Amino acid sequence: MGRGEENTDYCFLLGGYDLEMLEIRKLLVTNNQKYIDLKLSWGAKLSAYSAYLNDTGHFVGIELVEDMVKPRHYKAIDHHNEYSGNPSAIEQVADLLNIELNRYQKLVAANDKAYISGMEALGATKDEIAEIREADRRVQGVTAYDEEMAEKSIEHYLERIHDLLLVEALTPRFSAITDRLYPFRKLLITFQYQLVYYGEGKEKIVRNFDELIKQGKAYHGGTKNGFFGLVNGAFTIKETREIRNIIIGLITKGSHV
């Protein structure tokens, strides 16, 4: 059913859960597509599906880290790291199956690729944005406790260096913090050995830490003002702190009060 591959029988392998991945699953169900869903978290790896793989099937991995030899007929769908210039994952799936997305799905795609600003660019209302952001946090596993900790993080552990916002989070669920602080130009959030930077200057950070990305220790995505983060558990708390300080230097260099 894909463009130029009408007779291909795909088996989709679902990656880490967020709202987009959930909508992709619904899209596959509606269009009678074969898929395997292990309900994985962010950072999902192809090897999680190793027991299902062979060199005869046509597998489509959606946002999976390729940590093993890929099957012979394998197609990757992603828009992070080296794939960051691609459309969102759900847009790629729709294109492969020659399906037109509805408005809600297009807003989900915009949210996943360019966050709230992406939805605003499509003319989303405040209610639509609030609905999608709340749904995305829920699918990611953000709890009422995380929401409370996000508020306390902002209230007690928010700093400003010029136009850069720094948050020492009390929860690893950073979306509960970013949603409360939007709109922002530059935002850096840390929690123990986790770190994500959002906003202007992302490309500069990506260039600086290119080797870490190639080593699979860091990742990035979104537009030029998207995000850069460290892979969970790739660094110690001390090393994360050192990287945090480097990022602060990169982003605030030449800034004025």
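**Figure 1. Tyr182 and its aromatic partner Tyr115 in the predicted model.** The structure, which is a predicted model, holds 8 aromatic pairs.

**Figure 2. The packing of helix 3 against helix 4.** Two packed helices are described by the angle between their axes and the distance between the axes. For helix 3 (residues 103–121) and helix 4 (residues 126–139), the angle is about 90° and the axes are 10 Å apart. Helix 3 is therefore roughly perpendicular to helix 4, a class that covers angles from 65 to 115 degrees. On the side of helix 3, the residues in contact include Arg103, Leu107, Tyr115 and Met119; on the side of helix 4, they include Glu128, Ile132, Arg133 and Asp136. By class, this contact comprises 9 nonpolar, 1 polar and 6 charged residues.

**Figure 3. The packing of helix 1 against helix 2.** The axes of helix 1 (residues 19–30) and helix 2 (residues 89–96) are 9 Å apart and form an angle of about 15°. The two helices, helix 1 and helix 2, are therefore roughly parallel to each other, since the angle is under 35 degrees. The crossing of helix 1 with helix 2 is right-handed. Helix 1 contributes Glu20, Glu23, Ile24, Leu27 and Leu28, which meet Ala89, Ile90, Val93 and Ala94 of helix 2. Sorted by class, the contact of helix 1 with helix 2 has 7 nonpolar and 2 charged residues, with no polar ones.

**Figure 4. The surroundings of Pro172.** Pro172 is located in the loop between strand 6 (164–168) and helix 6. With a relative accessibility of 36%, Pro172 counts as partly exposed. Leaving aside residues up to four places away in sequence, Pro172 touches Phe191 and Gln194. The C-alpha atoms of Pro172 and Lys152 are separated by 13 Å, and the two residues lie 20 residues apart along the chain.

Notes
Residues numbered from 1 in each chain as written. Predicted model: local features only at pLDDT ≥ 70, side-chain atom pairs only at ≥ 80, totals over all residues. Heavy atoms only, no water. Axes fitted to C-alpha atoms, helices over the stretch in contact; angles between N-to-C directions. Helix = DSSP H or I, 4+ residues; strand = E, 2+ residues; numbered from the N terminus. Parallel < 35°, antiparallel > 145°, perpendicular 65-115°, else oblique. Contact = heavy atoms within 4.5 Å. Nonpolar A, V, L, I, M, F, W, Y, C, P; charged D, E, K, R; others polar. Left-handed = near helix turned anticlockwise from the far one by under 90°. Phe/Tyr/Trp six-rings, centres within 6.5 Å; stacked < 30°, edge-to-face > 60°. Buried < 20%, exposed > 50% of the residue type's maximum accessible area, 1.4 Å probe, protein only.
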